[in-house]
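User: I would like to go through some of the terms used for this model. Please set each value against its definition.

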Amino acid sequence: MKRRELLKALGTAAIAPSIVPTIARAGSPGIGKDRATAEPAEEIPSLCDMCFWRCGILATVRDGKIIRIRGNPNHPRSQGRLCARGIAGRYQVDDPDRLKYPLLRVGERGEGKWKRISWDEALDLWASKIGETIEKHGPGSIGLFSHGLSSRFMNAFMLHLGNPNRAVPSFGQCRGPRDIGFELTFGDRPGSPERHDMARSKMIVLIGSHIGENVQTGQVAELSKAIDNGTRLVVVDPRMSVSASKAARWLQIRPGTDTALLLAWINLLLTEELYDKDYIDRYATGLEELRQSVHCYTPDWAAETTQLPRDAIIAEAREMARQKPNVLIHCGRSSAWYGNDTQRSRAMAILVALLGSWGRPGGYYLRSDIDLGPLPCPKRHGEMAESVATGRHAFTRFGVASQEIVEASIGEDARIKQWMFYAVNPIQSLPDPRKTREAMQKVDFISMVDIVPTEGAMWADLILPEATYLERHDDILAVKNHPRPFVALRQPVVPPRFEAKDPYWIARRLAHRLGHTDCFIHPDVKKYLDATLAPLGITRTELAEKGIHLLDEQRPFIHLGEEIHFKTPSGKIELYSEVMQRKGYHPVPIFEPVSQPPMGWFRLTTGRSPYHSFARTQNIERLMRKDPRNVLWVNEEVVRAKGLSDGDEVFIENKDGVRTGPIRILATPAIRTDVVYTVHGFGSRSHALKRAHGRGISDNALTNRFKIDPPTGGTGFRVNFVRLTTRDGKEIEGKTDACRVERSAFRTPLNEEELFPAPEHVDSPKIDDPLCEPERDTPEFEWDIKDSC
Amino acid sequence: MSRQAMIIDMDRCVGCGACVIACQEEWDLPEDSYRNWVRPMPPSSSRSSIMFTHYVGLCGHCEDAPCLDVCPVGATFRDNCGRIIVDPGTCIGCGYCIETCPFGARMYRKDLGRVEKCDFCAPKVDAGQQPACVATCPAGSRIFGDLDDKNSAVSRYLSTHHVAKLETDEVKTKPNVFHAGKKEVLDLIFSENPPNPQKMHPPIEGKILASMISPGSMGLIGLVITGAVISFFRQLLKRKQKEADAMETEGEELSARPTLKRHDKPIIALHWFNALAWLFQLVTGIGLLGASKYRVTPDLVNNALLSLFGSRQSMLQLHFIIGAVWLSVLLVFSLFCIRRYLVPFLGELALNRTDLRWLWLKPKEMFLSSKIELPPQGKYNAGQKLFGIGIAVLIVLIVGSGLVITLAPGSEEIIRWAITVHFAAVMTAVAFLVLHIYMTVFNSTERPAFFSMLSGRISESYARKHNHLWWEKTKSH
């Protein structure tokens, strides 16, 4: 018995009345220690949803409340480990600001005023609005934005209705261009989680990827193993990230020139004949076309373009060749950067191919196959409605590009009349929120299924509260991207609070109200999951016990010499892509210069914080306390030039006059003078999110401009230039590094030649082709580079 | 016996903070409480070298832990696994340990009024699990185990890696948490996050407390007691000379002589209840002063007390309980007897001009010449009045500070001052009590007063002589 409890007992019995309440307050509701030694509460396995990695979790539940979440040791990827967000996931359930009941808008759009209605009213209204719109304008007049495991339900239903106008921001605003670049090369995407075999790599090259600040548990674990193994880590980033700090070499590249570096590496591997010949001869096609196309991209040219040391470029290419095929050219994830992203991704994929590391240890695994049950809605037999993106972006997947729906909702001949959101916050995920808001004022009806009132939700007419990931069943997670493929179950560890419902329930009721009773034939999600799992010979109940079901091991690597059929048109790795040629894109990646910021301006780049997932975690105080607002990385030289220093505040303004701030400066030597960097996801303007509201600044508000990646329709975000002004009007001026040809890389070994000698059989590449006139970067405004030197 | 230790591999660590959240969740810590920390050190212009690393830390469970010596109640101890643990049942939240830790590894829990610190997840580890931070670390950068076990994870790691301790020339506490990694990384982390040498010196209230417990002040108390004993023997000698005179006041003749009622039964009961409670509080109080720095008795006595009560926690609990019982009895008594006892009692305590004169003459009478005529006194003589007033003030101080310590009002500094006040007041009260007991038990002239506290009555002649004014008043009624 504790002292205070004793006192409490005594206090109630004898002590003067005035003391009693004080003592009662001092009495604590059981400290952690008691909790740990008490009888173990129930531990329920499920899957995390604090980010897209979907680690296995074990939720400790007592008296209907989650008291703790830890990693599920049986999960092959996360192996019992969880990141900060995953551990803090239970606060999503208890978020006082979460959506509790169906809500109907009563104020203006954007005002954020609603009234509570019943689910019956909500579903009736929703179905009638959708029915009306389809009747008047056809099924193609509804735009669906969706995200997450269970987005399959809504998408399947839209497909069933014949609606192609569905957008998945995780494609166009994130990994789409990367996926397509690899798909066009290998006939397969890197997938999610990516099929990297980091632990066995002898060399890892990160291009813009900042693992560590960007935390996915399994990936961090593997990087750490690689570092332990002495793997050579090379990081290409204009800013010193945590990974760059650990790297053997940090290549502080000029933004927008990654493709130049990749093409120069490809060229080096080809001219010095360092590529994996057996592998390429057997499995690849288009080598000669590639050779022809890249021969102009010499190290000297790349050095000038990327502003990296020529010797470093050469040395790393030779090191890659030495370590091949156990080299991982990490494909990154977010790849919607500059609008030339599929080509950059193609260049990456080609480099992977030349190093022979696709399907090889230390490179990429091959994908396993998992057969699951049928879609929840039968395929439509009739014609699909016309896509709003017909004729554009041949390689968009999962529907159409997000901005196509936005564009098609504005103007006299707007074809999209109604928007549906499933777990998407359009204001903080789509570029140019001004345009998004404009479109949201135009459309007839906006419905939104979510768990919290995001900034995007402020604009919705009808809000439907979804159960959080700890309260719902989602669709089965089938992980094909692992040497040991497995299926995993997300299941409710506590019942949904308030009137929140699971996604199957919501989709089924909508479909049935619209008369499509052939969809979602299973009365509840549990029966559906049983049917989905049936081909694997297990039931949901069996899966629920451990949360994970390992499937038979499939061979993750190629044995050199065996026949492999790649899922490309030619059946081979396509260094030259016929299909791209046919669709009007460069069949072999070329370097297309991107605009560089004019004098005085900075390029706005963004990244991640280990405590936050995009704009989704800022209302969780546990996490917010650790990382309450974003700061702006600015080069110390340009900061000092104006007499400012670390910690001072500035306002950020973009080319279109959008101004946000103040934001604190992190004055650092470890970022280029023409780039600023901040963490994405802060600065929510939703008043309904009391903790997230107004903390930090929203980088997304500054993304008025974006550049479309033609093959995928992805939107490059990193083309926004900003200027920085202080409260009293001082302006920090960015300095383009046009004059600086070489920039010394961090921790460059002193004697390059000694460490990375050229192979004996060739000289260093020298190109005397008069046709090689490398293209120059194009500045945003007309100004003479020389003038500023 | 074992020696648990942790290594943080900074080559692996990416600073994701999973360890901090895992720890907070494991131990239900409120948002502003931490047992461990990850402080980002981005490449800033203010840094000596350019890298992006983190200062990852927790309690070092140091071999030479300064926190071990400063706990006034001995709540901080090293267990048999080498871990430094705070017993939550004993901790009174004074925060001396917080003030002492050069790493800032301890913090005050406002909500619980006690100190929070890492215990290497002792309950989990004892149950065969890993500490929460180790179990969740995505990078596997935390290595935990027993240094004395050759096969433990830490021992195996140490056999192949070089590790460093966060120590400076000024602060060498031999922590059992080590950092590993590239030298330049550790150099930067250590140089920017040095242990705070200031922390090794106690705050002012601690210095006062320590000085009170210093040998000098203890000697002073000894001196007072010795003086009392000497005086007693002097009295003994005197008594032989004045036996006849003394006969007048002897107790055995009390029944034969006319007596006056001096004390009601409840008052007598209260007095002896008081005496018992104080004795008990004194004994448990002495036993609680466990840390080497604050020990007032030899180890033998301390250990005897510890074994008598079983643990410090039970000693502390009893101290609180008896304190609470005593206080409530006193309060209830005063409350129900305001008219009957409290108000008259307080009235009788008021000092007047004759009292001052009495106070001036009494010592002369006692020690120099018994022939001095003392001015007439009321129910209580001036000495007793002064004693009563003093004790009343001390009770307020002791009770007040005791309540502050017990209820932990949300600031460790207040608690620390309360301890100092508590201790100082108790010391003074002890001095008063020595005088009180000496006067009544050993001093022959005052002895009838002692017996009156047993029988409630006093001989009329004694009263006439010593409490003349009261005698007159009683007679006239």
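User: Why is H14(A) called oblique to H15(A)?
Analyst: Helix H14 (residues 299-306) and helix H15 (residues 310-323) of chain A pack at about 120°, with axes 8 Å apart. Axes are lines fitted to C-alpha atoms, for helices over the stretch in contact, and angles run from 0 to 180 degrees between N-to-C directions. Under 35 degrees is roughly parallel, over 145 roughly antiparallel, 65 to 115 roughly perpendicular, and the rest oblique. The angle of about 120° belongs to the rest, so H14(A) is oblique to H15(A). The model is predicted: local features need pLDDT of at least 70 and side-chain atom pairs count only at pLDDT 80 or more, while totals for chains, interfaces and linings use all residues. Residues are numbered from 1 along each chain as its sequence is written, and chains are lettered from A and ligands numbered from 1 in the order in which they are written.

User: What handedness does the crossing of H14(A) and H15(A) have?
Analyst: H14(A) passes H15(A) in a right-handed crossing.

User: Which residues of H14(A) and H15(A) meet?
Analyst: On H14(A) they are Pro299(A), Asp300(A), Ala302(A) and Ala303(A). On H15(A) they are Arg310(A), Ile313(A) and Ile314(A). Contact requires C-beta atoms, placed from the backbone, within 7 Å. By class, this contact of H14(A) with H15(A) has five nonpolar, no polar and two charged residues. Ala, Val, Leu, Ile, Met, Phe, Trp, Tyr, Cys and Pro count as nonpolar, Asp, Glu, Lys and Arg as charged, and the others, Gly among them, as polar.

User: What makes H11(A) and H15(A) oblique?
Analyst: Helix H11 (residues 258-271) of chain A packs on H15(A) at about 55°, with axes 10 Å apart. H11(A) and H15(A) are therefore oblique to each other. Their crossing is right-handed. H11(A) contributes Leu261(A), Ala264(A), Trp265(A), Leu268(A) and Leu269(A), and H15(A) contributes Ile313(A), Ile314(A), Ala317(A) and Ala321(A). The class count is nine nonpolar, no polar and no charged residues.

User: Why do H6(A) and H20(A) count as oblique?
Analyst: The axes of helix H6 (residues 119-137) and helix H20 (residues 503-513) of chain A come within 9 Å and cross at roughly 55°. That angle makes H6(A) and H20(A) oblique to each other. H6(A) passes H20(A) in a right-handed crossing. Leu123(A), Asp124(A), Trp126(A) and Ala127(A) of H6(A) touch Arg509(A), Leu510(A) and Arg513(A) of H20(A). Here the classes are four nonpolar, no polar and three charged.

User: How do you know what counts as a helix or a strand?
Analyst: Both are DSSP runs, numbered from the N terminus: helices are H or I with at least four residues, strands are E with at least two.

User: Why do S10 and S12 of chain A stand at the edges of their sheet?
Analyst: The sheet is open, has four strands in the order S10-S9-S8-S12 (chain A), and its pairing is parallel. Strand S10 (249-251) and strand S12 (327-330) each have a single partner strand, so one side of each lacks a neighbour in the sheet. On average, neighbouring strands are turned by 10° against each other, direction ignored.

User: What makes S8(A) and S9(A) a pair?
Analyst: Pairing needs at least two bridges found by DSSP. Strand S8 (residues 203-207) and strand S9 (residues 232-236) of chain A run parallel and are joined by five bridges. Leu206(A) stands opposite Val235(A) in S9(A).

User: Which peptide bonds are cis?
Analyst: One joins Ser192(A) and Pro193(A), with omega about -10°. Pro193(A) sits in the loop between helix H8 (169-186) and S8 of chain A. Another runs from Gly661(A) to Pro662(A), with omega near 0°. Pro662(A) is in strand S23 (residues 659-668) of chain A.

Terms used
Left-handed = near helix turned anticlockwise from the far one by under 90°. Contact = placed C-beta atoms within 7 Å.
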